[in-house]
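Let me put the structure up and then walk you through a few spots in it.

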Amino acid sequence: MMTVSQIRESIAPELRELNERMTVTLDSSNELMNHVICNYMESKGKQLRPMLVILTAKMFGQVTPDVIAAAAAVELLHNASLIHDDVVDDSDTRHGRKTINAVWDNHIAVLVGDFFVSGALREAIRTRDLRVIDTIGRLGQMLSVGEMDQICNARFHNIDEENYYKVISHKTASLFVSCVRMGCYTVGASDADVEVMSEYAELFGRCFQLRDDIYDYFSSDDIGKPTGNDLREGKLTLPLLHALTVTDDPRHEEMLALSRKETLDSAEIDALIAYAKELGGIDYAFEAIHRLSAQACKLLDKLPQCDATEALRSLVLSLNH
């Protein structure tokens with residue numbers, strides 16, 4: 001099994017080309033815009049989404065300029081969504097760094113986010129493939145719908161496991177599905193292979209979000225968000241949702257009422273976190289990751305076996321820990 005670092009090293013030339021492409025696309029005539037973007041791009045993150053575009057393309061063909069443009073498009077749109085999310089959530093930090101809205105203000109953050117969206121569209125158009133352009137357009141809609149679903153679920157308390165998976169399909173998995181589809185389109189993969197890779201990416205996205213949600217129940221400086229941040233924002237995730245299905249626990253009604261409060265203090269958040277852990281919520285979420293990642297690996301068995309396939313298998317299995 002390859003580590004994420006080894007996978008990144010295996011496609012280092014392609015990632016360098018990706019970052020050079022984004023630098024050109026994000027250049028503007030405005031000095032402040034360039035300054036804000038330059039500071040923001042100093043922390044590029046793992047660039048997992050463009051990695052999926054590149055690895056998928058390598059599985060079925062060669063990495064061409066169209067592949068790099070597609071990878072840049074999805075990475076730019078992903079970053080636009082993060083910048084806008086920080087404004088909506090009034091977030092001061094992301095992964096230990098000050099957000100654009102915290103350093104400057106919401107006005108500048110929204111404009112920079114919009115600039116990233118425009119860059120994503122330009123890169124998609126560069127491929128001259130209507131399927132890639134359509135995928136980027138649909139992805140932008142899906143991300144917005146996912147965010148609205150999450151708001152409605154929190155506001156009207158209609159969150160259950162089915163709705164939870166619906167939200168993460170829209171908010172998280174849709175990005176990964178778009179990545180592999182664009183990787184397939186830009187190298188001419190068959191329709192059958194596109195569908196198999198889309199199923200893999202949906203499962204990968206669910207595992208990815210489940211793992212991120214589990215992080216919220218533990219304290220770590222590496223995660224990039226404080227413990228209980230999801231609950232603080234009114235988001236109920238799978239560990240607590242599972243715990244709340246155990247109706248014979250004497251604390252059930254109290255915890256259910258607490259989970260539906262609009263605002264929670266630190267003591268109430270700690271109580272819900274402890275309750276989720278005690279009633280097996282963390283184990284339940286890990287079991288879901290194990291089950292879904294195994295399904296994803298079986299799908300990869302149907303596809304050409306090469307270094308890229310092994311990298312994709314390793315990426316989903318890495319979420320088991």
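Let's start with Leu315: leaving out residues up to four places away in sequence, Leu315 touches Val4, Ile7, Leu48, Leu52, Leu55, Tyr200 and Phe204. Keep in mind that this is a predicted model. Leu315 sits in helix 16, residues 307-317. Is Leu315 buried or exposed? Its relative accessibility is 3%, and buried means under 20%, so Leu315 counts as buried. For a sense of distance, take Asp270, which is 45 residues from Leu315 along the chain: their C-alpha atoms are 32 Å apart.

Now look at Phe204. Setting aside neighbours within four places in sequence, Phe204 is in contact with Leu48, Leu52, Phe176, Leu315, Val316 and Leu319.

Phe204 also shows up in the largest nonpolar core, which has 100 residues. Phe204 is among those with the most contacts inside that core, along with Val112, Phe116, Met197, Tyr200 and Leu240. Which helix gives this core its largest share? That's helix 5, residues 65-89, with 13 residues.

So, on to helix 5 and its partner, helix 4, residues 48-60. The two axes come within 8 Å and cross at roughly 160°. Angles over 145 degrees count as roughly antiparallel, so that's what helix 4 is to helix 5. On the helix 4 side, the contact is made by Arg49, Pro50, Val53, Ile54 and Ala57; helix 5 brings Val67, Ala70, Ala71, Val74, Glu75 and His78. Sorted by class, that's eight nonpolar residues, one polar and two charged. And the handedness of this crossing? Right-handed.

Methods. Residues numbered from 1 in each chain as written. Predicted model: local features only at pLDDT ≥ 70, side-chain atom pairs only at ≥ 80, totals over all residues. Heavy atoms only, no water. Core = buried A, V, L, I, M, F, W, Y, C linked by side-chain atoms within 4.5 Å. Buried < 20%, exposed > 50% of the residue type's maximum accessible area, 1.4 Å probe, protein only. Helix = DSSP H or I, 4+ residues; strand = E, 2+ residues; numbered from the N terminus. Contact = heavy atoms within 4.5 Å. Axes fitted to C-alpha atoms, helices over the stretch in contact; angles between N-to-C directions. Parallel < 35°, antiparallel > 145°, perpendicular 65-115°, else oblique. Left-handed = near helix turned anticlockwise from the far one by under 90°. Nonpolar A, V, L, I, M, F, W, Y, C, P; charged D, E, K, R; others polar.
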